[in-house]
Amino acid sequence: MVHIANVKVRPTKLTRPSPCKVELVSMLGCWAATGDVLSADASKCKEVAEALFKCMRTTPVHPKPQRPAINYHLSKLQRKVK
């Protein structure tokens with residue numbers, strides 16, 4: 001018999017698309033251009049902030065992806081192999 005000390009499988013990481021990436025990048029660019037993150041002048045980045053706010057309000061929330069159960073089954077198999 002073969003003795004396996006520890007068996008685990010690392011799941012592949014799925015990259016989820018960033019729905020408001022363009023708006024966020026433009027907001028950060030506006031802040032960098034004005035030189036002030038907490039700008040008191042609302043006219044500088046107002047349109048960009050509204051676009052980001054609208055995108056975040058309309059984007060649906062994605063549920064957590066279900067974790068694969070392969071490590072659970074491998075741990076059960078490991079007990080029987082010993």
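Q: Which residues in H1 meet which residues in H2?
A: Contact means heavy atoms within 4.5 Å. In this predicted model, Glu23, Leu24, Ser26 and Met27 of H1 meet Val48, Ala49, Ala51, Leu52 and Cys55 of H2. By class, this contact has 7 nonpolar, 1 polar and 1 charged residues; Ala, Val, Leu, Ile, Met, Phe, Trp, Tyr, Cys and Pro count as nonpolar, Asp, Glu, Lys and Arg as charged, and the others, Gly among them, as polar.

Q: What conventions apply to the numbering and the values?
A: Residues are numbered from 1 along each chain as its sequence is written. Local features need pLDDT of at least 70 and side-chain atom pairs pLDDT 80 or more, while totals for chains, interfaces and linings use all residues, and side-chain values use heavy atoms, with hydrogens and water left out.

Q: How many helices and strands does the protein have?
A: Helices (H or I, at least four residues) and strands (E, at least two) are DSSP runs, numbered from the N terminus. Here the secondary structure comes to 3 helices and 0 strands, and the elements run α-α-α from the N terminus on.

Q: At what angle do H1 and H2 pack?
A: Axes are lines fitted to C-alpha atoms, for helices over the stretch in contact, and angles run from 0 to 180 degrees between N-to-C directions. For H1 and H2 the angle is about 150°, and the axes are 9 Å apart. That makes H1 roughly antiparallel to H2, the term for angles over 145 degrees. The crossing of the two helices is left-handed: the near helix is turned anticlockwise from the far one by less than a right angle.

Q: Which residues make up the largest nonpolar core?
A: In soluble globular proteins, nonpolar side chains tend to be buried together. A nonpolar core is a set of buried Ala, Val, Leu, Ile, Met, Phe, Trp, Tyr and Cys residues joined through side-chain atoms within 4.5 Å. The largest one here has 6 residues, namely Cys20, Met27, Cys30, Cys45, Leu52 and Cys55. Helix H1 (21-34) and helix H2 (46-58) each supply at least two residues of this core. Apart from neighbours within four places in sequence, Met27 is in contact with Cys45, Val48, Ala49 and Leu52.

Q: What percentage of the residues in the protein is buried?
A: Buried means under 20% relative accessible area, exposed over 50%, and partly exposed in between (1.4 Å probe, protein chains only). Of the 82 residues in the protein, 10% are buried.

Q: Why does Val48 count as partly exposed?
A: Val48 counts as partly exposed because its relative accessibility is 22%. This residue lies in helix H2 and touches Glu23, Ser26 and Met27, not counting residues up to four places away in sequence. Glu47 also lies in helix H2, but it counts as exposed, at 55% relative accessibility.

Q: What share of the contacts with a separation of 6 or more joins residues 24 or more positions apart?
A: Such residues account for 72% of these contacts. Distances between C-alpha atoms give a further view of sequence separation. Val48 and Glu23 are 25 residues apart in sequence and 7.0 Å apart in space. Pro65, in the loop between H2 and H3, is 51 residues from Leu14 along the chain, and their C-alpha atoms are separated by 9.4 Å.

Terms used:
Parallel < 35°, antiparallel > 145°, perpendicular 65-115°, else oblique.
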